Each structure stands twice: as structure tokens, then as C-alpha cells.
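Please examine the sequence and the structure shown below. The briefing that follows treats one residue and then the contact between two chains.

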Amino acid sequence: MPTNTPIFSAKNISMHFGSGKKLVKAVDDVSFDIADGEIVSVVGGSGCGKSVLAKIMLGLYKPTSGDFTYEGKHITNQRDHWNEVQCVFQDPFSCFNQFFTIRAQLKAAFGILKNKLTDAQVNERVDNALRAVNVLPSEIEGKYPFELSGGQMQRMLLARIFALRPKVLIADEPTSMVDACVRANILDYLMKLKQELKMTIVFVTHDIGLAYYISDRLFIMHEGKIVESGTPDDVALRPKSPVTIQLIDDIPEIHKEWIKR
Amino acid sequence: MATFEVENLSLHYLTRFGNKVHAVSDVSFTMEKGEILGIAGESGCGKSTLVNGLMGLFIPPLYPTSGDVRVNGESLMNRTEAEVRKNVLSRKVSMIPQGAFNALNPTRRVKDIAADVIAAHEQGVDKKQIYDRLRQRFDLFGMDTEKVLNAFPIQLTAGERQRSVIGISTLLNPQMVIADEPTSALDVSTQKVVIKMIFDLLEKGIFSTMIFITHELPLLRHVANNIAIMYAGEIVEKGTTEQIVFDPRHPYTRALMGAMLSAEPGQRQRKPVAIEGAPPNLANPISGCRFADRCPVARPECKLKDQKIRMVGGRQVRCDYAD
């Protein structure tokens, strides 16, 4: 149900690490609202603070200063928070325990949910989730994570999301370890999550091309600050901030001069 | 004469049950001085296995099936691992690995890691000479030389680390440099700096040929002179960059180009098309075209007849029906 309360609301939040000379302002005085059902991309280079921002949204960090709320409330209990906010990380290989089968781990993920389901219900939801990412349940039956390819593993991470059906998904560079074909696939699944489950998605990436394709709104981050935000067409095609212009300029495009040899 | 030649190279892995997995089949190409050859293909198509083969480095379970690799006419095959490490690696063929962070020993300073490379290949050079050489070489890279050489890897940014790795790989002026996804762990701005450095080294003659492996076709368009597309262990199409990027002929290359996306005007409406299905399992014998199961224009006879490389529109294509 779209409501007027934003999913995430940040007012002047900062996240600092260290102190004195070694003070690092990972997130520096950032304010934004993310509405229900929106896909927002956070784009920036390495070390711009985008992953720290993602972790704040997941409740893994508490901002040093400022006010950060989820549906109008502060995040107090992480387990409760993760009932509704879930994530997909960059490296699928380090997200699964190599000693358990994929199915066991997908089922174990239901442990976080408050309303307990029966074993049969869990199995059914896992099967449906696997089909949603174009994997037949029989294909992974009895398989361990190391028996799958990188693309399949990344799909398993998304299957976990299809199974749990959280309200919000934080995707931190979910496509940086996979090739172009799998990347197109994953973007399709993210769109499907939005369309079928009305999920709010925060997509963290360094590739403005990807962000342009998928999102309703773009945030460009640089040195802890959001330097530009707006619709994909405004930001990607009519950039104003020098940081955005640089980011777009540095992407090797097929039809544009990049570096002269 | 071509400086780097690969002739009908086939490689296989031997599993512990005695099965062979034919990871690379019948790869042939030649390269001239100053050339950058891009190799693209999806994960698991044999790119990284091919890299090991091109260095002549066969560590079980990887074995050569047949074929030859020659640098300036000299074959790299049939050498022991020790001999390859002593005489081939770093001197003739050098490799830039993918993860710069994993490639550097976190407990040692960059200058000591680099000094080891020289000390392992040249007898009787003292430490001072080595460090002087390192300084001279690192001065070319546009970084703060003293800071980088004296730093531990963790103290450097991702870009500095990757440039250091490239610097170390090319210390002994190898003939051929093989870069396996050298920039895929970097953000776009750092990627550009690293690519500029690679061009600079090539121009200065520090190495003379390069193989650039990536699945980012838009990047290859700017980096490579020629591109080879790999699928299931075979080269399915090889031609100049212009031919492959703007006028692909093999159905797989076309599908690969369709999966690209970019932030150019009008691209938001264009949907990138993923290729359905998965590549064949190379542990099983395959007859006919390896792409037939996923090919949008496959004919019944495709699965029966092995496809041979033939010339179509000035480039090599492994498809009987490409035009």
C-alpha cells in the first residue's frame, strides 16, 4: 500500500569513523526521502560512501549524527528491521555457507521472519522463488554452493529475496561480479520484484548506465555527500554537477570517443 | 613474422574420476607488435584457462591436449613448471591478475614484492641497484613513487594497487602481457586511469603485445585492435574491433551485443536482451554447433554438423549460416 510516510527518511545524517586527524567522513550531512515502491539508485566511485549509506539503511550502522527513520520510526531492533528490509550483496560466493546445501540455506532464511510458516509452506515458497529466477527446483536439489556458477549463485541470492518477500530491498552492487548476459538477467529480476511484489529497491552501483536503465530516481554521491539527484533522464542526460559529468565521461561507450590511442 | 602465435591449442582438465573436461578447443590466432587483442565471452567460457595455456603453465589438473604457442618462433610447450617460472613468466609472457588486492602480499611493502621479481630472474644484482630500477620504472606511472614503493598494499587505493600490480608484472619488459579482467574490480574513473597507463606502457615499448580479457564489450571497443569472442571453449568470431562491435555476424556475438546497456539517449526504452539457457557442459562430448541450443536462428542440422572457422565479410566466423 503506498502511504504518505516515506520508507526511509534521512535528515542531515553523517557517519564518521575515527577521530582527530584520522577522521573519515564516510557520509557527510546527507538528507533524502525514499518513497514506497520507488527504485532509487545510489551511484558513485569507490570510497564515496555509498556502501556505508546502504549499511545505515540496513541498520548495520547507526549514524553518528542526524535523524534516520524507517517508516517514520527509528531502527531499534535489527531483527525486526530485517523482517522487512533485506539485502543482496556483491559477492555471491561469500554469501553462502559452503557446507550446507542451497535449499537448506534458502529455507534457513525464513528464520528471520516473525510469522512462522510450516515446512510445507516454506518449501513451496522456495520452489516458487526458484522458478521466479528461471531455475528449476530439481536443478539445485542436493547441490552445494561451490557446484554452481557465479551467475547461478547471484540468482540464488535473488531467489532468497523472492522467497522472503521483504518490503524493501537494498542491492549493493549485485551485478559487479557477473558478465553482461547475467547482468541483463538480474536487472530483469529486479524489475520483476518491483512489478510483482511492489518492492522498494535501493540499488547501489558505480555504473551509471545500469542505474539509468533501472531506476526512478538517481542519487550521485561524492566524498560522502549527495551532489546531484533527480530523474534518470535529468541526471544522466543533462548532468549539472562536475562529478556526474566526470562519471558519465569515464564510462566507455560504444558510440563515444573515450581515450585516444 | 608474427611475434605471438597460437596454433590449434586445445586444453583439458582431468577430473579425479578420470574424465576430461575440454575447456579450450582448437584456438588459433597470431599477433603482431603493438597489437592489443581483446577476448570476450561469458563466465565459464574458457578465457582464464586459455590464459594459463598461453603462458605454457600447466599445473594439474590442467593439461595440454594438442597445439602450440610460440613467442618469436620459440615454443612454450613441453616445459617443466620450474622452467616456465624461471624463463617464461615475467620475461616472455606476463600476466596481470584480476584481483589486485589478492595479488599483493599484505605483509610486505610494494618495493619488496617488486624486488623479488627482479632477484628471482637475475643473478648478482644488489639491493640498491634493484631499488633504483624500481624508482625509475615507477616514475613512469604518474603516482607518488616514494609513497607507493614504501607502502603496504592496504595503504594504497584500489587504483594505486592495480597500477602497482601492472608495474610489477611488466618490470622485466615481457614480450606479451595478458590482462585477465584488469579493471573489472575498479570504478569507472579509476578504470580510465589504469587503461591510460596500459596504453602508455605499450607506446613506450615496455611490452609489445597484449591480450585483454573482459566481458565488457564497450570497454574493448576502445582498448582493443582486434577482438575474439569465445563461447564454450571455442573462438566463434574474430575480427577487427570495428567489425565485431558494429557489424557482428555470429549469432552469439549478436546476442552478446544485445545484452549491453548504456546511458546514451534513448537507451532507457531499449531493453537489454539476456541470452536464455546455459552453455553446454564441456565434460560431455558435444556434437555439432555448441551454441545451437541457445541460438535464435538455429536450424535442425546445426546440432549434427561441427562448425568450422570460415571467412565471412573479412573476419573469421565459426558458423556455417552466418552471412
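**Briefing on a predicted model**

Leaving aside neighbours within four places in sequence, B:Y131 is in contact with B:K111 and B:A115; two residues are in contact if their C-beta atoms, placed from the backbone, lie within 7 Å. This is a predicted model, in which local features need pLDDT of at least 70 and side-chain atom pairs count only at pLDDT 80 or more, while totals for chains, interfaces and linings use all residues. Residues are numbered from 1 along each chain as its sequence is written, and chains are lettered from A and ligands numbered from 1 in the order in which they are written.

**The residue B:Y131**

- B:Y131 lies in helix α5 (residues 127-138) of chain B; helices are DSSP runs (H or I, at least four residues), numbered from the N terminus.

**The contact between chains A and B**

- Chain A contributes 34 residues to the contact and chain B contributes 32 residues.
- On the side of chain A that touches chain B, α6(A) gives the most, with 6 residues.

**Two packed helices**

- Helix α9 (residues 242-250) of chain A packs against helix α8 (residues 188-203) of chain B at an angle of about 50°, with their axes 8 Å apart.
- That angle makes α9(A) oblique to α8(B), since angles under 35 degrees count as roughly parallel, over 145 as roughly antiparallel, 65 to 115 as roughly perpendicular and the rest as oblique.
- A:Q246, A:L247 and A:D250 in α9(A) meet B:V188, B:S189 and B:K192 in α8(B).

Technical notes. Axes are lines fitted to C-alpha atoms, for helices over the stretch in contact, and angles run from 0 to 180 degrees between N-to-C directions.
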